[in-house]
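Here are a few exercises to work through with the model open beside you. Try each task before reading its solution.

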Amino acid sequence: MDPVESAKKTAAVMAVDRHVQNDFRIGIGSGSTVVYAVQRLAERVKEEGLKVVCVPTSFQARQLIVENNLPLTDLEITPQLDICIDGADEADFSLCLIKGGGGCLLQEKVVASAANQFVVIADYRKKSVRLGQQWTKGVPVEVVGMAYRPVMAAIERVLGGKAVLRQAKAKAVSVGGKAVLRQAKAKAVSVGRKAVLRQAKAKAVSERGRAVLKQARACLFTLNLFPSSYSPLSSSCTPDFPRACVLLFATFLSSVPSLSTYFPPPIRPSSPCTPEFPRACVLQGPVVTDNGNLLLDWHFEGEQDWHSVNVTLKMIPGVVETGLFVDMAGIAYFGMADGSVSEVKAR
């Protein structure tokens with residue numbers, strides 16, 4: 001196993017073994033390290049007969065719970081949790097965290113705040129003395145879509161640095177005559193006359209002429225569902241890929257008319273359909289969270305008082321939540337390169 005993956009697994013297994021008990025209500029975080037925690041939890045349930053229920057923090061977390069045959073619940077049914085186990089993009093010496101690199105920060109913070117204990121699991125790359133040493137992509141800030149520009153201006157005016165709107169990143173290529181969309185190990189391909197998206201064992205197929213997938217990373221719409229403003233996109237795809245064009249997003253769109261909200265006129269197809277690439281068009285745009293909001297990444301300068309920064313950010317109208325988890329984590333397990341685990345308790 002890759003050293004980094006081995007470090008993730010070691011930390012996750014130790015956290016589950018030390019902290020999970022019978023009849024626990026568990027918040028399941030998001031990200032690659034959490035995969036190992038869920039797998040270990042499933043092993044203990046099978047081997048020891050543990051009775052647990054799990055609350056997800058994202059679409060990915062929900063899929064992990066279901067795929068590992070663990071009991072699924074939510075905060076409406078189970079508003080108080082015994083423990084939440086989640087990863088982090090970076091943690092400093094006092095366990096102040098930056099989270100939200102995967103876009104799940106709001107639900108992650110809500111679930112963590114509902115738990116009696118918040119346990120962090122990560123590999124050695126996420127451990128820092130101060131925030132910004134390892135994680136260089138800024139502090140994620142979830143914002144209401146219509147307010148992102150005023151919020152960006154307010155952040156830069158009050159806190160300095162640079163706030164940028166997070167964009168979805170992907171590329172589509174032709175592989176053996178198939179149109180493949182690659183993003184976070186996801187791909188959309190033409191299978192017969194069906195448009196299929198494969199990711200986390202999920203797929204979208206054409207049903208009664210409509211190809212629709214609602215899930216966390218992408219969605220497919222049949223050509224005739226595109227609004228007229230995108231007719232050049234759909235018509236150019238029609239001859240060789242008649243059933244669907246791929247519309248890249250970080251989450252699903254609840255209705256086609258809302259496309260105009262998230263795709264202002266300056267955004268154009270990143271890879272126009274050409275004779276060399278006839279099978280699909282990819283339209284890139286901003287990342288949209290599971291909650292239908294946009295994400296900003298604030299690139300800060302120098303050392304910060306993170307408690308003060310967190311409060312300041314949340315007071316800006318239009319800000320939904322921040323990726324700063326201050327005074328929330330009780331303990332963190334960092335899997336190290338040598339196979340050991342570094343345990344850090346909150347100060």
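Predicted model: local features only at pLDDT ≥ 70, side-chain atom pairs only at ≥ 80, totals over all residues.

**Exercise 1. Which residues of helix α8 are buried, and what covers them?**

Solution. Start by finding α8, which runs over residues 306-314. To count as buried, a residue needs under 20% relative accessible area. In α8, W306, V309, N310 and L313 pass that test. Now look down the axis: these residues span an arc of only 100°, so they sit on the same side of α8. Last, see what lies over them. The cover includes the helices α4 (105-113) and α5 (148-159), along with the strands β7 (139-143), β19 (294-299), β20 (319-322) and β21 (324-325).

**Exercise 2. Describe how α5 and α8 cross, and say which residues make the contact.**

Solution. First the geometry: the two axes come within 11 Å and cross at roughly 145°. The crossing of α5 and α8 is right-handed. Then the residues: α5 brings I155, V158 and L159, while α8 brings V309, T312 and L313. Sort the residues of this contact by type and you get 5 nonpolar, 1 polar and no charged.

**Exercise 3. Classify the ring pair of F118 and F325, and work out which parts of the chain this pair ties together.**

Solution. The count of aromatic pairs comes to 4. For F118 and F325, the ring centres are 6.2 Å apart and the planes make an angle of 45°, and the pair is tilted. Now place the partners: F118 belongs to strand β6 (residues 118-123) and F325 to strand β21, so the pair ties together parts 207 residues apart in sequence. How accessible are they? F118 is buried at a relative accessible area of 2%, and F325 is buried at 0%.

**Exercise 4. Is the pair of W298 and W306 stacked or edge-to-face?**

Solution. Check the planes: over 60 degrees apart counts as edge-to-face. For W298 and W306 the planes are at 75°, with centres 6.5 Å apart, so this pair is edge-to-face. Both W298 and W306 are buried. To finish, follow the ring pairs onward: they link W298, F300 and W306 into a cluster.

Key:
Residues numbered from 1 in each chain as written. Heavy atoms only, no water. Buried < 20%, exposed > 50% of the residue type's maximum accessible area, 1.4 Å probe, protein only. Helix = DSSP H or I, 4+ residues; strand = E, 2+ residues; numbered from the N terminus. Arc of directions from axis to C-beta. Contact = heavy atoms within 4.5 Å. Axes fitted to C-alpha atoms, helices over the stretch in contact; angles between N-to-C directions. Left-handed = near helix turned anticlockwise from the far one by under 90°. Nonpolar A, V, L, I, M, F, W, Y, C, P; charged D, E, K, R; others polar. Phe/Tyr/Trp six-rings, centres within 6.5 Å; stacked < 30°, edge-to-face > 60°.
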